[in-house]
Amino acid sequence: QEQLVESGGGLVQAGGSLRLSCRVSGIIFRTAAMGWFRQSPGKQRELVAVIGSDESTNYVDSVKGRFTISRDNAKNTVNLQMDSLKPEDTAVYYCNGYPIPRSWGQGTQVTVSS
């Protein structure tokens, strides 16, 4: 069955960087559009970045120019490079299919201190 395993989160100071990775199994990864989502306490989960099977990308305005989504079809992974992090980026980050998410993984916590 499908499995999503996120990693790479941590505690970082404002202005710092983190690289998240998500290993995907159980789907035909190379044909799937994938997204990174995040959820902060008391807020709804939001879509942060999307990468298509053709490697086209889109980002929510708040992360444009700071985050970069990429994929490695040979390794069935989708990555999120996060630079110039801000305290408001603090959240649990998840990867999933787009536009129709499947079962959610455990996510990875990102905490940005001011």
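**Entry 1: a starting question**

Which residue forms a salt bridge with arginine 38, and how far apart are the closest N and O atoms? I looked it up: the partner is aspartate 89, with the closest N and O atoms 3.0 Å apart. I noted the rule too: a salt bridge is a side-chain nitrogen of Lys or Arg within 4 Å of a carboxyl oxygen of Asp or Glu.

Before going on, I wrote down that this is a predicted model, where local features need pLDDT of at least 70, side-chain atom pairs count only at pLDDT 80 or more, and totals for chains, interfaces and linings use all residues. Residues are numbered from 1 along each chain as its sequence is written, and side-chain values use heavy atoms, with hydrogens and water left out.

**Entry 2: where that pair sits**

My note on names: helices (H or I, at least four residues) and strands (E, at least two) are DSSP runs, numbered from the N terminus.

Are these two residues buried or exposed? Both arginine 38 and aspartate 89 are buried. Here buried means under 20% relative accessible area, exposed means over 50%, and partly exposed lies in between (1.4 Å probe, protein chains only).

I counted five salt bridges in the structure. Aspartate 89 also meets arginine 66 in one, at 2.8 Å from N to O. Arginine 66 lies in the loop between β6 and β7 (67–72) and aspartate 89 in the loop between β8 and β9, so this pair ties together parts 23 residues apart in sequence. Aspartate 89 has a relative accessible area of 1%, and arginine 66, also buried, has 10%. I then saw that Arg38, Glu46, Arg66 and Asp89 are linked in a network of salt bridges.

Next I checked aspartate 61, which forms a salt bridge with lysine 64, the closest N and O atoms being 3.0 Å apart. Aspartate 61 is exposed at 61%, while lysine 64 is partly exposed at 49%.

**Entry 3: the sheet**

I traced an open sheet of six strands in the order β2-β10-β9-β4-β5-β6, with mixed pairing. Two strands pair if DSSP finds at least two bridges between them. β2 (10–13) and β6 (57–59) stand at the edges with a single partner strand each, so one side of each has no neighbour in the sheet.

I followed β2 to its partner: four bridges join β2 to β10 (residues 108–113), and the two run parallel. Glycine 10 has valine 110 in β10 as its bridge partner.
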